[in-house]
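Subject: A structure for you to look at

Hi,

Here is the structure I promised to pass on. Please open it and keep it beside you while you read my notes.

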Amino acid sequence: MESLDNSSFKVSKEMEKLLCERLLDENQPISERFRALFSLRNLKGSLPRNALIQATRDSSNLLAHEAAFALGQMQDVEAIPALENVLNDMSLHPIVRHEAAEALGAIGLRSNIPLLKNSLNRDPAQEVRETCELALSRIEELSNGSESIESSPFLSVDPAAPSGSSVHQLREVLLDEDKKMYERYSALFGLRNHGGDEAISAIVKALGANSALLRHEVAYVLGQLQNKSATDELSGVLKDVHEHPMVRHEAAEALGSIADGQCTALLEEFVKDPEPIVSQSCEVALSMLEFEKAGKAFEYLFMQTPQVPQA
């Protein structure tokens, strides 16, 4: 998901409270709760922060992981203790712990290093350990002054600084299983920023990487690029019931971003998937498409007169 400049939004306390309540109301459709979440991530202050922190413990792993992601994109240092607790809680789904680790890297303080090293050494999930490795590398890059967190043209706080090498060089690094994860992520974001058929071809090929973490980020980037040439490969990922749910989830969101007829039909099919992370991703993607087709904003904050559906 893209992050936005949260300094430009001012809402009433009543609207802020309503958004928090809607986010945390488990009786609401998951799409309505995501509408509230996408709005709250653009606000500052204790009320939005605390609602998002509470949402990291939600029964929906999809919503919980998105809340952790939002806290990282907001780069709110006040959220660090809660993110540490999420990262250390082995009862939570790895996709949620992974996002907590990524969020700590996005916030970028050196004081987060011991927390991340601890999980790097003890977390049983490979995707979480790899995320900790990434986050530690990002913090080191920031400490060395060699990364600008404002460098993404997609307004996202990326887990790695994009490499400025040639497309050919970036392709080689991205597809090299012996390279460190941070190098491969840097190559991925470098290819994203290059754009063009050759770069997209390299990114698509990385959907076959050994690391589920890298595959999920590849699908995320393809969603950012919204290039229809990736539709068949992303469809294959969503259809693969043996693929990691976090990868299928990102493939579903990417297909929702591409948004042609083939993508919509597939999302409608997999909205009934037995894996909630996947089915809910499809439900949210379809809801976003409905708003887009109607010329309306999915986020409450971007509606001139916010209309909140009655429960």
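First, some ground rules. This is a predicted model, in which local features need pLDDT of at least 70, side-chain atom pairs count only at pLDDT 80 or more, and totals for chains, interfaces and linings use all residues. Residues are numbered from 1 along each chain as its sequence is written, and side-chain values use heavy atoms, with hydrogens and water left out.

**A pair of helices**

Helices here are DSSP runs of H or I with at least four residues, while strands are runs of E with at least two, numbered from the N terminus. Two packed helices are described by the angle between their axes and the distance between the axes. Helix α9 (residues 167-174) and helix α11 (residues 197-205) have axes that come within 10 Å and cross at roughly 0°. An axis is a line fitted to C-alpha atoms, for helices over the stretch in contact, and angles run from 0 to 180 degrees between N-to-C directions. The crossing makes α9 roughly parallel to α11 (under 35 degrees is roughly parallel, over 145 roughly antiparallel, 65 to 115 roughly perpendicular and the rest oblique).

Which residues of α9 and α11 make the contact? From α9 they are V167, H168, R171 and L174, and from α11 they are E198, A199, S201, A202, I203 and K205. Contact means heavy atoms within 4.5 Å. These residues divide into 5 nonpolar, 2 polar and 3 charged (Ala, Val, Leu, Ile, Met, Phe, Trp, Tyr, Cys and Pro are nonpolar, Asp, Glu, Lys and Arg charged, and the others, Gly among them, polar).

**Helix α6**

Helix α6 (residues 94-107) has 14 residues and reaches 20 Å from its first C-alpha to its last, close to the 20 Å expected; the expected span is 1.5 Å times one less than the number of residues. Of the 14 residues in α6, 13 are buried, where buried means under 20% relative accessible area, exposed over 50% and partly exposed in between, with a 1.4 Å probe and protein chains only. After α6 comes G108, with a positive phi near 80°.

V96 sits in α6 and is buried, with a relative accessible area of 1%. Leaving out residues up to four places away in sequence, V96 touches T56, N61, A64, H65, A68 and V86. V96 and A64 are 32 residues apart in sequence, yet 6.2 Å apart in space, C-alpha to C-alpha.

**The core**

The largest nonpolar core has 103 residues, and L23, L83, L116, L222, L234 and L238 have the most contacts inside it. Such a core is a set of buried Ala, Val, Leu, Ile, Met, Phe, Trp, Tyr and Cys residues joined through side-chain atoms within 4.5 Å.

Beyond its neighbours within four places in sequence, L116 is in contact with L87, A101, L104, C132, A135, L136 and I139. C132 belongs to helix α8 (residues 126-143) and counts as buried because its relative accessibility is 0%.

**Two glutamines to look up**

Most residues other than glycine have a negative phi. Q75, in the loop between α4 (61-74) and α5 (80-88), has a positive phi near 55°. Q226, in the loop between α12 (212-225) and α13 (231-239), also has a positive phi, of about 55°. Is Q226 buried, exposed or partly exposed? At 47% relative accessibility, Q226 counts as partly exposed, and Q75 is partly exposed at 25%.

Happy exploring!
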